[in-house]
Amino acid sequence: MQAHENHIGGVALSEILHTFHNGILIVDNAAAIRFVNRMAATILGLDPDNVLGKAIQEVIPDSELPKVLLTGVSRLGQKYSLGSVTIIAHHSPFFLNGKIAGAVSEFQEITEMEKMFIQLRNLQELSSQLEAILESSYDGIYITGSDGETLRVNKAYERITGLKVSDLVGKNMKDLESKGVITNSITFKVVETKQPVTAIQKTATGKEIFVTGSPIFDQQGKVAAVVTNVRDMSQLKALQEDLQQSKRLTFRYHNQLLRLQARDSAFAEEMVARSKKMLDVLELAQRVAMFDSTILILGESGVGKDLVAELIYRSSPRSTKGSFIRVNCGAIPYNLLDSELFGYEEGAFTGARRGGKPGLFELADQGVLFLDEIGELPLDLQVKLLRVIQTREFNRLGGVQPIKVDVRLITATNKDLIKEVAAGRFRQDLYYRINVVPIIVPPLRERNEDIIPLAVYYLESFNRKYGYSRFFSPAVLEAFLSYEWPGNVRELINVVERLVVTAEHDHINVERLPAVFMQNNKEIAECGTWDFHSAREALEKKLIEDALKMHRTTRKAAKALGISQSGLIRRISKFGLKSRK
């Protein structure tokens, strides 16, 4: 072609073809390349001097030009991927004297167009997905531009408000508000504040709706649109009522569960209880454990106030967050109590530890601090304690930086704090602060049903500890029931341990009891003048009589006595006692 160059207006045809924005490639009737314009060389990444004269299949293996030469039929819109380049080509034969003299391929790169097409298709798919999401939302969705024009409203909004979507889209929020279609619009408040806004609106249909508008920002940080989420207030109120009802049921079921647990005496380790008074105490402790109210546990020395406090901790959410710290306010010297409770900074006093020391309030953070014998707390420390309760912060000894703590406070005392307040030994304001929920633990003499179960529990405990197999005679248990227990459970524990470690044989009889028991129980003391068989039967009969008085059924009485129900019935018949079912 270049040997017989044609001209148009004095300009060579090849130069004209070089100016085309599309690629032009010409082959002869033998499929050899005869011309490649500059754009074709650029698109295909070819050097024209190296490809002229070569067969098209050597340069572009997938070219359709050989088929065009063979058939004489044009092939239009052929798409090729050449490495990272995508082209669209039109192949046409040209004729000379009625015969095919060669073929021309005109093509253009569509790589960017292809990418744009893919992006457009992805955007269309994303738009369809967003459309589906909007329409599947149970909540109403209302979208406006920053100028207040309504852009999109989903079907849920129509269902909730009763307003037609067709009456809203394209309308400005100002016009809708001025016509009373919507009241208290939040769109412009969101645009102004650039923050989410929540309000309650009323529609022209009389519906009350709960709306929250959120801003959508463009790349310049300006509000481009406002998306408003809409909910039916009547449904929310119904859900709230359902939630309250569920809470009431949960609370009721929880209390019922506590009562069942209490009757099975499965509250906590060492919390052995059969009496109604003690079961009520444990049930109350379980109930208040779920709240952070300050608790004051009252009761005589040795009744188990510390165990009740620990039960509250174990049953509360704080048991998984913090520790249970126990402090006996009467056991720590006055001059050390301040630093023990609140800690101290380095150099606060002579001998202060380097780096200071955290106090028990810090160690109990997120947990429970149990202040036993709170009535022994000095007045100046009562002031500091009151501040911690009120502000939840304190200063270490010698420190100036307040320390914040999250501590639940449980206190206990065997004193009458009302009398202590009247005597000026206890602050009245502190008393009312700690006495939010009072729990009174009854003395052991007021819960006789617990004496034998407690004695048996600790007997087994000390048997395991010391490797014995001790057991009480019925007379010992009768003595336990008749005794006043001024030292309460603590005294009972000590007596049981003494009997276990001092007994010469596994069988523990009344001879091993401290003298105070013999003096306290006339019948037991008189047994010493009887023969063994008569004394044993008398005591056995008395124990059975007491058990039948305390328990409504023979099954429960037998369980309390530690014998089988059939064995108890035989003894009832033997002693001529009144039988129960």
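Begin by selecting arginine 392, which is partly exposed, with a relative accessible area of 36%. This residue lies in the loop between α15 (379–391) and β18 (393–394). Its phi is positive, about 60°, although arginine 392 is not a glycine. The model on screen is a predicted one.

**The whole chain**

Now display the entire protein. Its secondary structure amounts to 25 helices and 23 strands. The protein has 581 residues, of which 41% count as buried. Its accessible surface comes to about 32,000 Å², and 53% of that surface belongs to carbon and sulfur atoms. Among contacts between residues at least 6 apart in sequence, 56% join residues at least 24 apart.

Next, colour the chain by confidence. The average pLDDT is 83, and 87% of the residues score at least 70. Select residues 261–269, where the pLDDT is below 50; beyond near neighbours in sequence, this stretch has 18 contacts in the model. Then select residues 527–531, where pLDDT also stays under 50. For residues 527–531 the model has four contacts beyond four places in sequence. Where pLDDT is low, the predicted coordinates should not be read in detail.

**A sheet of five strands: β4-β3-β7-β6-β5**

Select the strands β3 to β7. They form an open sheet with the order β4-β3-β7-β6-β5 and antiparallel pairing. Which strands stand at the edges? They are β4 (33–36) and β5 (75–82); each has a single partner strand, so one side of each is left without a neighbour in the sheet. On average, neighbouring strands of this sheet are turned by 25° against each other, direction ignored.

Strand β3 (residues 23–28) pairs with β4 in the antiparallel sense over three bridges. Show valine 27 and look across to β4, where its bridge partner is isoleucine 33.

Then go to the loop between β6 (85–96) and β7 (99–109), and select asparagine 97 there. Is asparagine 97 buried or exposed? It is exposed, with a relative accessible area of 76%. Asparagine 97 has a positive phi of about 55° although it is not a glycine.

**A second sheet: β9-β8-β12-β11-β10**

Select the strands β8 to β12. This is an open sheet of five strands in the order β9-β8-β12-β11-β10, with antiparallel pairing. Strands β9 (150–153) and β10 (197–202) stand at the edges with a single partner strand each, so one side of each has no neighbour in the sheet. Here, neighbouring strands are turned by 25° against each other on average, direction ignored.

Centre the view on β12. Strand β8 (residues 140–145) is joined to β12 (residues 223–232) by six bridges, and the two run antiparallel. Within this pair, isoleucine 141 stands opposite asparagine 229 in β12.

Turn next to β11 (residues 208–217), which is antiparallel to β12 and joined to it by nine bridges. Two pairs of residues can be shown here: isoleucine 209 has aspartate 232 in β12 as its bridge partner, and serine 214 stands opposite valine 227 in β12. In a regular strand the side chains alternate between the two faces of the sheet. Follow the hairpin of β11 and β12, which has five residues between the strands; there glycine 221 takes a positive phi near 85°.

**Valine 191**

Select helix α9 (residues 187–193) and, within it, valine 191. This residue is partly exposed, with a relative accessible area of 23%. Which residues does valine 191 touch, not counting those up to four places away in sequence? They are Ser146, Val223 and Val226.

**Helix α25**

Finally, select α25 (residues 565–575), where Gly567, Leu568, Ile572 and Phe575 are buried. Viewed down the axis of α25, its buried residues fall within an arc of 140°, so they line one face of the helix. The tour ends just after α25, at glycine 576, which takes a positive phi of about 70°.

Definitions and conventions: Residues numbered from 1 in each chain as written. Predicted model: local features only at pLDDT ≥ 70, side-chain atom pairs only at ≥ 80, totals over all residues. Heavy atoms only, no water. Buried < 20%, exposed > 50% of the residue type's maximum accessible area, 1.4 Å probe, protein only. Helix = DSSP H or I, 4+ residues; strand = E, 2+ residues; numbered from the N terminus. Arc of directions from axis to C-beta. pLDDT = per-residue confidence, 0-100. Contact = heavy atoms within 4.5 Å. Pairing = 2+ DSSP bridges. Areas by Shrake-Rupley, 256 points an atom, 1.4 Å probe, with all protein chains shown as cover. Axes fitted to C-alpha atoms, helices over the stretch in contact; angles between N-to-C directions.
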